[in-house]
Amino acid sequence: MNSKIGIGITTRDRNEVFAYTLSRLVEHLPKDCTLAIVDDNSKVPVVEADYRFENNVGVARAKNKCLELLKDCDHIFLFCLLYTSPSPRDRTRSRMPSSA
């Protein structure tokens, strides 16, 4: 019996970090994995989003939308790319894009 894996990503105004995260994530996804992407009203809409809120609704509601989109999955993992930026100190230790 195969368990269905679902991965949800919520994002808002982190387009560069989102693009980097998505590119890394898809390299390792199982073939039968379901990916749900929710844009919490980014200034520049996320083209890959499965759902986009027309007004900013916050982290909790955006994550709940991911859960709703992934309701048929047995195991769900949520990634949240909202609001904060890494400090300059964190950027030097990270492989994230420097403008993140």
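Which residue's side chain meets that of arginine 12 in a salt bridge? The partner is aspartate 13, with N and O 4.0 Å apart. A salt bridge here is a side-chain nitrogen of Lys or Arg within 4 Å of a carboxyl oxygen of Asp or Glu.

Before going on, a word about the model. It is predicted, so local features need pLDDT of at least 70 and side-chain atom pairs count only at pLDDT 80 or more, while totals for chains, interfaces and linings use all residues. Residues are numbered from 1 along each chain as its sequence is written, and side-chain values use heavy atoms, with hydrogens and water left out.

Now the overall layout. The protein chain has three helices and four strands. Helices (H or I, at least four residues) and strands (E, at least two) are DSSP runs, numbered from the N terminus. Along the sequence, the order is β-α-β-β-α-β-α. The chain has 100 residues, and 31% of them count as buried. Buried means under 20% relative accessible area, exposed means over 50%, and partly exposed is in between, with a 1.4 Å probe and protein chains only. The accessible surface of the chain is about 6500 Å², and carbon and sulfur atoms hold 51% of that. Such areas come from the Shrake-Rupley method with a 1.4 Å probe; for residues, only the protein chains shown count as cover. As for contacts, meaning heavy atoms within 4.5 Å, take those in the chain with a separation of 6 or more: 66% are between residues 24 or more positions apart.

Back to aspartate 13. This residue is in the loop between strand S1 (5-12) and H1. Aspartate 13 is not a glycine, yet its phi is positive, at about 55°. Its relative accessible area is 30%, so aspartate 13 is partly exposed. Asparagine 41, in the loop between S2 and S3, also has a positive phi, about 60°, without being a glycine.

Next, the other charged pairs. Side chains of opposite charge can pair when their charged atoms come close. How many salt bridges does the structure hold? There are four. One of them joins glutamate 27 and arginine 24, at 3.8 Å from N to O. Glutamate 27 is exposed, at 51% relative accessible area, whereas arginine 24 is partly exposed, at 34%. Another salt bridge links arginine 52 and aspartate 39, whose closest N and O atoms are 3.1 Å apart. Arginine 52 belongs to strand S3 (residues 51-52) and aspartate 39 to strand S2 (residues 34-39), so this pair ties together parts 13 residues apart in sequence. Arginine 52 is partly exposed at 25% relative accessibility, but aspartate 39 is buried at 0%.

On to the rings. How many aromatic pairs does a search of the whole structure find? It finds one. The pair is tyrosine 51 with phenylalanine 53, edge-to-face, at 4.9 Å centre to centre and 75° between the planes. Rings of Phe, Tyr and Trp (its six-membered ring) pair if their centres lie within 6.5 Å; planes under 30 degrees apart count as stacked, over 60 as edge-to-face, and the rest as tilted. Tyrosine 51 is partly exposed at 32% relative accessibility, while phenylalanine 53 is buried at 5%. Lysine 65 lies over the face of tyrosine 51, 4.2 Å from the ring centre. For that, NZ of Lys or CZ of Arg must be within 6 Å of the ring centre and within 35 degrees of the ring normal.

Phenylalanine 53 itself is in the loop between S3 and helix H2 (59-69). Leaving aside neighbours within four places in sequence, its contacts include Val38, Asp39, Asn41 and Lys65.

Then helix H1, residues 15-26, which holds leucine 22. Is leucine 22 buried or exposed? Leucine 22 counts as buried, because its relative accessibility is 13%. Neighbours within four places aside, leucine 22 is in contact with Ile9, Leu35, Ile37 and Glu48. Glutamate 48 is 26 residues away in sequence, and its C-alpha is 9.6 Å from that of leucine 22.

Last, the surface. Leu67, Ile76 and Leu78 form a nonpolar patch with about 200 Å² of accessible area together. Patches are made of residues with over 30% relative accessible area and no salt bridge; like charges are joined within 9 Å, and nonpolar side chains (Val, Leu, Ile, Met, Phe, Trp, Tyr) within 5 Å. Isoleucine 76 is in strand S4, residues 75-82, and is partly exposed at 34%.
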